[in-house]
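Here is a short briefing on a two-chain model. It covers the interface first, then selected sites within each chain.

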Amino acid sequence: MPNQWDFLSLALVLGAFIGIAHGSHGMTAPLSAPVTADLSLDYSNLPYYALRTTLRMFAALAASLVFTFTYATLAAKSRRAEMVLIPLLDVLQSVPILGFLSFTVTFFLGLFPGSTLGAEMAAIFAIFTSQAWNMAFSFYQSLRTVPRDLEEVAVGFHFSPWQKFWQLEAPFAMPALIWNMMMSMSGGWFFVVASEAISVGDTTIKLPGIGSYLALAIDAKRVDAVLAAVVAVVLVILAYDQFLFRPIVAFAAKFRVELSAGQVQEESWVRQVFLRTRFLRVLVTIPARILDSIALLRLELPNLESRHLRKRWPDRAVSRIMDAVWFTVIAAMLGYSIYQVYGFVSEKLTLADLRETVILTTYTMIRVFLLIVLASLIWVPISILIGLRPRLAERIQPLAQFLAAFPANVLFPIAVILVLKFSLNPDIWLSGLIIFGTQWYIVFNVIGGAMAFPNDLREATVNYGIKGKYWWKDVMLPAVFPYYVTGALTASGGSWNAAIVAEYVKWGNDRISAHGIGSYIAQATEAGDYSRIVLGVAVMSIFVIMFNRLLWRPLFAFGERRLRVN
Amino acid sequence: MLDRTQSTLLELKDVSKTYIKGSGEAGALVLDNISLNLREGEIVGLLGRSGCGKSTLLRIVAGLITPSKGDVSYLGAPVIGPVQGVAMVFQSFALFPWLSVLDNVEIGLRTKGVGAEEARRRALAAIDTIGLDGFESAFPKELSGGMRQRVGFARGLVVEPSILLMDEPFSALDVLTAETLRTDLLDLWVEGRMPTKSILMVTHNIEEAVLMCDRIVVLSSNPGRIAAEIKVEMQHPRNRLDPEFRQLVDKIYALMTKRAAPERDGVFPGLGLGMALPHISTNTLAGMIEEVAAPPYNGRADLPALADSLNMEIDDLFPVAETLQLLRFAEVMEGDIKLTASGVKFSDAATDARKKMFGDHLLAYVPLAARIRRVLDERPSHIAPATRFQSELEDYMSEKRAEDTLKSVITWGRYGELFAFDEGSQSFSLENPGEE
């Protein structure tokens, strides 16, 4: 019996189909050498641009998922692969990928000459690089912590590796993976805006999308168009949150391994629509059944099994020789790439250039550090106070998460206008942009920490009259510390990336830049000076890795060891 | 049982297991020369304390772990991997939290390629047998522990195994639930409503073993060896209050404490510095001394009775009794515990005097404690890192056991005010060891 839900959902599904068909058609249209699409600042184009941008993000997300399932699984299953893949992932997480945009763009344009596909791939790849690493890391960690007894059930029941992956490992990893997917989508926005419209030397790329619309608005000095882009981004973020992530989170609640039913039930009205409407339910169950039976296939090679069963004593001598071969291969590859980078950079650059980049990176580092401190001083107390008021926190928390997703670079032009108008010092006033989009990670993590503060400890502080200075110093700050470090770590990583965009900003023909490695890389990109880009990104990466190892890791370890309230 | 023939299903011959250290070299011996037969129609219990390797033995039988030495054969064929026809029930239930009860029961069939309809039919039958009707669509986290373990049984039985392995299946349940589940399982077994031909169960609960098993294999600890095999001839249903039942329980208690008596330091594996110490809080030790000193025991208690009144199982009770014996606060023999003169004195003393006594006994009878104190005294800085003793211990025992032993000595040493330990720097020191 069809009801009003059916009609509503039908409209929804048809809309989605038309959108996908329409959007993907434009992607393969052939085009002539300089990759520019006919873009206009007409508001009526915005929905289409928004659609294209969203499709790009989901294409990147799909690629990230494939990457996660293969890369992380390989790292978790093979000791030798793990030795290389995990440190590599760790570095990839710290490298400011935005700086490499020019390389990937050239690469993909060369791969598909004469088609927009190359430019699309380049943009999608840029977004992918902002999404994939943390997802892979979370999946790897989940695979390593699959409960032993469930593992024994799987082996005892003779699950094939394929079955074990889909019946045990993937479901177990699901909650953490979904959380990281949501974080990745947030991070991706920043890159979308930066990667849709990019100039590398003489090549200019403009793909239809919100990012290039914004770039066009900046060139034309149209404040109203900038604001329209902001509205479009807000609407898109809200839409995929409601239509995609909320249903997924509600659905994935059952994958949480916990002893009792959780108190918090995730709700999603979209999911309710699907559950209540008969034809939609059918629409979902048929693919679900097919996926189920694929997951139940054994998919194994017969000779692989016999080897699998005969795992008595592994031959130590053979294993050692294999290790030696493996290490040699790694060392050779490492040596070769160092040689390559050195050759590339040393061709045109001198020691003076190196000194310059180190000094500039130091400026940027001071900026990042000071701003994290400043943001912490402001937001930590406020977030604690919010987190301790559950009703308020419930409302503020989604807002903070939304703000973290919102690509702050959309708002950069407004800052430029202000700096120009009041002739402010860019070295100081552009700094704020670095933290503008990333401070919210601190906010919602600390709110989460304060919300998780155990009630009995709260009662104890009241009962023993712990107030004022002591309340902050001995109770609340230590209690939220582990959460704060998680947030600050993410914020700091994002800020380094943001520096590349934030230290060099444009408004029409006006350009203002601050002294720092970010503007160095941005200017080198604009000039198509590849050796400078490599040098800049390399020095910056080294700084970021040191920053993480020497500051955040120890703090994180300290927080987990001493201050985690369980 | 009944008219089932006594043919051998499973045979273990001279099975030993050595664990491999992180560095790749062979570590401590866990199981030593175990030979065991499992015949049709019997329930066999593996009884022993934690750390005697009984769970490892069960996993060797299941084909989940390969023995370092010896042979395992199932129906005459060597076992080289997980065996078809053997299903396992876990202490932790090990249910997939994202699958409903029905799906959990079906999964073992579905992954084998059994068709959807047949799997459903058989799963529903198993659910019916085990008394889970009405819970088919529930998720494990909605169920009580007892219901979850019923799902565990249904999942095991649905694949129609000829051997059912149970790894302490009732020890995560409360007393009443455990008893109901035991009775239900025994009913199914006695009435022949299970497809299973034999059950092998691991337990540390002596009464449970006597209640359920036809044969009890008692394992000694470190390394696990077969200490005794006891046939239980009583008819089901057995009555815990039956004198014959009580006698058997007492006999097993005596058996499990007997080995300790002749050689004093032989209670714990290893001698001198290499002695592995159980992790027991000083409050528990003091509490046990007080309990035995007070009426009705007045200094001497029957261990089964004591276990009953303290609501402790042998896994908890034995290590406490033996630690008291090591520290010369009590003696354990033939299933009894008797306080020594120092034990009686300890029970009458006030807190400070108790701590002093405890510290003195610790120095005198626990070589590791004496060793740590001596090193600290000798060093000018009076500071020593924990890693130094950890690596020394690892010459005698596994990494994990060395860690546990060190943890015990830290707790005891702190209480006896022999030394201080700093968690952050992981080092021992003489700072503030009592006298300020």
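Chain B and chain A bury about 3000 Å² between them, and 62% of that area is on carbon and sulfur atoms. Trp98(B), Thr111(B) and Lys141(B) supply 26% of the area that chain B buries against chain A, more than any other three residues. The model is predicted, and local features are reported at pLDDT of at least 70.

**Interface between the chains**

- The contact involves 32 residues of chain B and 32 residues of chain A.
- The rule finds 1 salt bridge across this interface.
- That bridge pairs Arg59(B) with Glu152(A), and the closest N and O atoms are 2.6 Å apart.
- On chain B, the elements giving two or more residues to the side that touches chain A are α2 (101–110) and α4 (145–158).
- The most comes from α2(B), with 3 residues.
- By class, this side of chain B has 17 nonpolar, 9 polar and 6 charged residues.

**A buried glutamine in chain A**

- Gln131(A) sits in helix α5, residues 116–144 of chain A.
- Its relative accessible area is 0%, so Gln131(A) counts as buried.
- The side chain of Gln131(A) makes a polar contact with the side chain of Ser64(A), at 3.5 Å.
- Leaving aside residues up to four places away in sequence, Gln131(A) touches Met57(A), Ala60(A), Leu61(A), Ser64(A), Ser184(A), Met185(A) and Gly188(A).

**Salt bridges in chain A**

- Over all chains, a search of the whole structure finds 45 salt bridges.
- One of them joins Glu120(A) and Arg56(A), with the closest N and O atoms 2.7 Å apart.
- This pair links distant parts of the chain: Glu120(A) is in helix α5 and Arg56(A) is in helix α2 (residues 46–77), 64 residues apart.
- Both partners are buried: Glu120(A) has a relative accessible area of 1%, and Arg56(A) has 0%.
- Arg367(A) and Asp427(A) also meet through their side chains in a salt bridge, at 3.2 Å from N to O.
- Here too the pair links distant parts of the chain, with Arg367(A) in helix α14 (residues 351–387) and Asp427(A) in helix α17 (residues 426–429), 60 residues apart.
- Arg367(A) counts as buried at 11% relative accessibility, whereas Asp427(A) is partly exposed at 24%.

**Salt bridges in chain B**

- The side chains of Glu392(B) and Arg371(B) form a salt bridge, at 2.4 Å from N to O.
- Glu392(B) lies in helix α14 (residues 386–393) and Arg371(B) in helix α13 (residues 367–378), so the bridge ties together parts of chain B that are 21 residues apart in sequence.
- Glu392(B) is buried, with a relative accessible area of 19%, while Arg371(B) is partly exposed at 23%.
- Elsewhere, a network of salt bridges links Glu179(B), Arg182(B), Glu207(B), Glu208(B), Arg240(B) and Arg246(B).

**Packing of helix α14 in chain B**

- The buried residues in α14(B) include Ala386(B), Phe389(B), Gln390(B), Glu392(B) and Leu393(B).
- Seen down the axis of α14(B), the buried residues fall within an arc of 165 degrees, so they line one face of the helix.
- These buried residues pack against α13, β14 (383–385), α15 (399–415), β15 (420–422) and β16 (427–429) of chain B.

**Backbone features in chain B**

- His236(B) and Pro237(B) are joined by a cis peptide bond, with omega about -5 degrees.
- Pro237(B) falls in the loop between β10 (225–231) and α7 (243–258) of chain B.
- Another cis peptide bond joins Pro295(B) and Pro296(B), with omega about 5 degrees.
- Pro296(B) belongs to the loop between α8 (282–293) and β11 (300–302) of chain B.
- Phe93(B) is a residue other than glycine with a positive phi, near 70 degrees.
- Phe93(B) lies in the loop between β6 (86–89) and α2 of chain B, and counts as buried at 10% relative accessibility.
- Gln426(B), also not a glycine, has a positive phi near 50 degrees.
- The loop between β15 and β16 of chain B holds Gln426(B), which is partly exposed, with a relative accessible area of 37%.

Technical notes
Residues numbered from 1 in each chain as written. Chains lettered and ligands numbered in written order. Predicted model: local features only at pLDDT ≥ 70, side-chain atom pairs only at ≥ 80, totals over all residues. Heavy atoms only, no water. Contact = heavy atoms within 4.5 Å. Buried area = accessible area lost by both parts, 1.4 Å probe. Salt bridge = Lys/Arg side-chain N within 4 Å of Asp/Glu carboxyl O. Helix = DSSP H or I, 4+ residues; strand = E, 2+ residues; numbered from the N terminus. Nonpolar A, V, L, I, M, F, W, Y, C, P; charged D, E, K, R; others polar. Buried < 20%, exposed > 50% of the residue type's maximum accessible area, 1.4 Å probe, protein only. Polar contact = N/O pair within 3.5 Å; in protein donor to acceptor, adjacent residues only side chain to side chain. Arc of directions from axis to C-beta.
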